[in-house]
Amino acid sequence: MNRLRRLETFARCGWFARGIVYCVLAYIALTSVGASDASPQAVFRSVRDMPGGTVMLILLAIGLALYGAYRFYGAALDSEGKGKDAKGIAIRVGYGASGLAHFILAWAALRLATGKSGGGDEREQAAAGMLLDMPLGETLLGAIGLGFLAGAAQQAIKAWTTEFMKGVAPEAPAWVVPVGRAGLAARAIVFAIIGYSLVRAGWFGAAGEVKGLGDALSSLTENSALYTLVAAGLFLFGIHSLVEARWRRIRDEDVMARLRAAAR
């Protein structure tokens, strides 16, 4: 089935690219002198400076864009069967937001690969300021923050219940479970920090406190043990993404039935 093969290709390339980004980001966070250097843009600069880095950065951008397409695909066609009730729609909207975020990352990587500035976490604050200047901008920014907080809660639940293993092939090794739990827990913490900063910016007039991924990590440096645990957890989330690229099940009868129904 061409549509299913395309969905699988997008997903596996995207999981692989996401895994590389998180692994390199965590490495930078754990080894750099300045924790504020730990951001996706720092990852892209590190890749660019490697031998053959421009080509690798372009491939990384393609992978991130494919993952964005996979998330948009899932949001539009409900390929994961979340349904049309309030909860299902909320999850699918989250998938769409994830797709948009990965397209933005892909664009930043591509710009850097072509010799243009990739920006930094300051761009989040500038974007928040622009959004606040729009009609109902405060409401929208706060709502985006709530979306991040909901995403944090969802990932924490997955880490606690090991729900993520439902989509992993049974032949995956046993270490996939603790790695996935630690990685999802660390990502939940980072998402909660980002979401809180967006809610404060939108609803409490604190636009200067908007945090991207790098800022969220750097905000933990006052507690060195927690910072190290979260950074190490993000590395494990990268490994978890690589696990999904290898062992995540996509070709099942439920997905095929939903895609056939959407094609009618």
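Hi everyone, and thanks for coming. Please keep in mind that we are looking at a predicted model, with the structure up on the screen.

Let's start with the helices. Two packed helices are described by the angle between their axes and the distance between the axes. Take H3 and H4, whose axes come within 7 Å and cross at roughly 165°. H3 and H4 are therefore roughly antiparallel to each other, since that label applies to angles over 145 degrees. The crossing of H3 over H4 is left-handed. What kinds of residues make up this contact? By class, there are 20 nonpolar, 7 polar and 2 charged residues where H3 meets H4.

Now bring in H2, which covers residues 40-48. The axes of H2 and H3 also get within 7 Å, but here the crossing angle is roughly 140°. H2 and H3 are therefore oblique to each other. On the H2 side you can find Phe 44, Val 47 and Arg 48, and on the H3 side the contact residues include Met 56, Leu 57, Leu 60 and Leu 64. Sorted by class, the contact of H2 with H3 has 6 nonpolar, 2 polar and 1 charged.

H2 has a contact with H4 as well. Those two axes come within 10 Å and cross at roughly 35°, and the crossing is right-handed. From H2, the residues involved are Pro 40, Gln 41, Phe 44, Arg 45 and Arg 48, and they meet Leu 105, Ala 108, Ala 109 and Leu 112 of H4. That contact splits into 6 nonpolar, 1 polar and 2 charged residues.

On to the aromatic rings. A pair of aromatic rings is described by the distance of the centres and the angle of the planes. The model has 4 aromatic pairs. One of them joins Tyr 67 and Tyr 70, with 5.8 Å centre to centre and 45° between the planes, which is a tilted arrangement. Both tyrosines sit in H3, residues 53-77, and they are 3 residues apart, about one turn of the helix. Are Tyr 67 and Tyr 70 buried or exposed? Both of them are buried.

Then there is Phe 72 with Phe 103. Their ring centres are 5.4 Å apart and the planes are at 25°, so this pair is stacked. Phe 72 belongs to H3 and Phe 103 to H4, so the pair ties together parts that are 31 residues apart in sequence. Phe 72 is partly exposed at 35% relative accessible area, and Phe 103 is partly exposed too, at 32%. Going back to the tyrosines, ring pairs link Tyr 67 and Tyr 70 with Trp 15 into a cluster.

Arg 18 lies in helix H1, residues 2-31. With a relative accessibility of 6%, Arg 18 counts as buried. Which residues does Arg 18 touch, leaving out those up to four places away in sequence? They are Leu 64, Tyr 67, His 102, Arg 187, Phe 237, Ser 241 and Glu 244.

The other one is Thr 162, in the loop between H6 and H7. Thr 162 is not a glycine, yet it has a positive phi of about 60°. Its relative accessible area is 25%, so Thr 162 is partly exposed.

Definitions and conventions
Residues numbered from 1 in each chain as written. Predicted model: local features only at pLDDT ≥ 70, side-chain atom pairs only at ≥ 80, totals over all residues. Heavy atoms only, no water. Phe/Tyr/Trp six-rings, centres within 6.5 Å; stacked < 30°, edge-to-face > 60°. Helix = DSSP H or I, 4+ residues; strand = E, 2+ residues; numbered from the N terminus. Buried < 20%, exposed > 50% of the residue type's maximum accessible area, 1.4 Å probe, protein only. Axes fitted to C-alpha atoms, helices over the stretch in contact; angles between N-to-C directions. Left-handed = near helix turned anticlockwise from the far one by under 90°. Contact = heavy atoms within 4.5 Å. Nonpolar A, V, L, I, M, F, W, Y, C, P; charged D, E, K, R; others polar. Parallel < 35°, antiparallel > 145°, perpendicular 65-115°, else oblique.
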